[in-house]
Amino acid sequence: MLLGAPGSGKGTQAEMITRHFHIPVTSPGAILRREMELGTLLGIEVAEKTKHGELVPDKIIIDLIEDYVRLHGAHGFVFDGFPRTIPQADALQGILLRHRTPLDLAIWLDVSAETISDRISHRLQCGSCGFTTSESSAVFSERAVCPYCDGPLVRRTDDDASVLQTRLNEFNTKTQPLGDFYEKLGMLTKIDGNRDRDTVFADISGLIERAA
Ligand code: AMP
């Protein structure tokens, strides 16, 4: 499980974990973006909240995760952006028990306010596969394209400065308490997420290898 503020590198590290260890990632944020693009009932239901940077109701997210663990839990999982509230973390304990799936690691990517605003203001994301990069590392010929799938690299609409402020408020009030939650369970490992992606990944892969 990867925990941390918007821009802490959860998505980037989740993707590196998948490529290196072949552990599937599940990201409620990515699932909801896809649902909104497809215009499904779920997408329509969550659009207002995500557009304004608010968390969507716990029940929606918990149902998504329960389905995921039921269908794919046996192959392991990386949660990117789940849980984000105490009720979600409580529900996850039940889900994992019901599906007899242990949680090995809760990794908290610690970042400064400066890192967050710097990363979010330069972030580009592939509209097809979700690969995340920054304007400075993406080398473009004529248009911004994903190095993995050729999809368009675009700015996320919720990376806009005013929406980011709401996302940070949501993080501070609802997600921060998860640090204590997992600390008390003796599961939390904090990592300095201000460093470059490869240095952070070296720490994370060491933790995964030791937990395996
Ligand atoms: P992310 O891609 O993880 O930054 O998530 C984008 C948006 O999806 C968030 O701002 C929320 O509106 C919604 N979202 C993602 N994960 C959760 C979650 N665990 N709980 C509630 N809302 C979520």
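Modeller: A charge sits over a ring if NZ of Lys or CZ of Arg is within 6 Å of the ring centre and within 35 degrees of the ring normal. Please bear in mind that this is a predicted model.

Colleague: With that in mind, which ring does the charged end of Lys 190 sit over?

Modeller: The ring is that of Trp 108, and the charged end of Lys 190 is 5.9 Å from its centre.

Colleague: And what lies over the face of Tyr 148?

Modeller: Arg 19 does, at 3.5 Å from the centre of the Tyr 148 ring.

Colleague: Turning to ring pairs, how many aromatic pairs does a search of the whole structure find?

Modeller: The search returns six aromatic pairs. One of them joins Phe 131 to Tyr 148 in an edge-to-face arrangement, with 5.0 Å centre to centre and 70° between the planes.

Colleague: Where do Phe 131 and Tyr 148 lie?

Modeller: Phe 131 is in the loop between β5 (123-126) and β6 (132-134), while Tyr 148 is in the loop between β6 and β7 (153-154), so their pairing ties together parts that are 17 residues apart in sequence.

Colleague: Is Phe 131 buried or exposed?

Modeller: Phe 131 is buried, at a relative accessible area of 9%. Tyr 148, by contrast, is partly exposed, with a value of 48%.

Colleague: What about Phe 181 and Tyr 182?

Modeller: Those two also form an edge-to-face aromatic pair, 4.9 Å centre to centre with 70° between the planes. Phe 181 counts as buried because its relative accessibility, 17%, is under 20%. Tyr 182 is buried as well, at 0%.

Colleague: Which residues form one aromatic cluster?

Modeller: Phe 77, Phe 79 and Phe 82 make up one such cluster.

Colleague: Now the ligand: how many residues surround it?

Modeller: The ligand is surrounded by 15 residues, of which Arg 33, Glu 54, Arg 84, Gln 88 and Arg 156 are the closest. By class, this shell comprises five nonpolar, four polar and six charged residues.

Colleague: Which helix gives the most to the shell?

Modeller: Helix α2 (residues 28-38) does, contributing four residues.

Colleague: What lies 3.0 Å from a nitrogen atom of the ligand?

Modeller: A backbone N or O atom of Gly 81 is at that distance. An oxygen atom of the ligand lies 2.9 Å from an N or O atom in the Arg 156 side chain.

Colleague: And how much of the ligand does the protein bury?

Modeller: The protein buries 95% of the 480 Å² that the ligand exposes when taken alone.

Definitions and conventions: Residues are numbered from 1 along each chain as its sequence is written. This is a predicted model: local features need pLDDT of at least 70, side-chain atom pairs count only at pLDDT 80 or more; totals for chains, interfaces and linings use all residues. Side-chain values use heavy atoms; hydrogens and water are left out. Rings of Phe, Tyr and Trp (its six-membered ring) pair if their centres lie within 6.5 Å; planes under 30 degrees apart count as stacked, over 60 as edge-to-face and the rest as tilted. Helices (H or I, at least four residues) and strands (E, at least two) are DSSP runs, numbered from the N terminus. Buried means under 20% relative accessible area, exposed over 50%, partly exposed in between (1.4 Å probe, protein chains only). A residue is near a molecule or strand if one of its heavy atoms lies within 4 Å of it. A polar contact is a pair of N or O atoms within 3.5 Å; within protein, one must be able to donate a hydrogen and the other to accept it, and residues adjacent in sequence count only if both atoms are side-chain atoms. Accessible areas come from the Shrake-Rupley method with a 1.4 Å probe; for residues, only the protein chains shown count as cover. Ala, Val, Leu, Ile, Met, Phe, Trp, Tyr, Cys and Pro count as nonpolar, Asp, Glu, Lys and Arg as charged, and the others, Gly among them, as polar.
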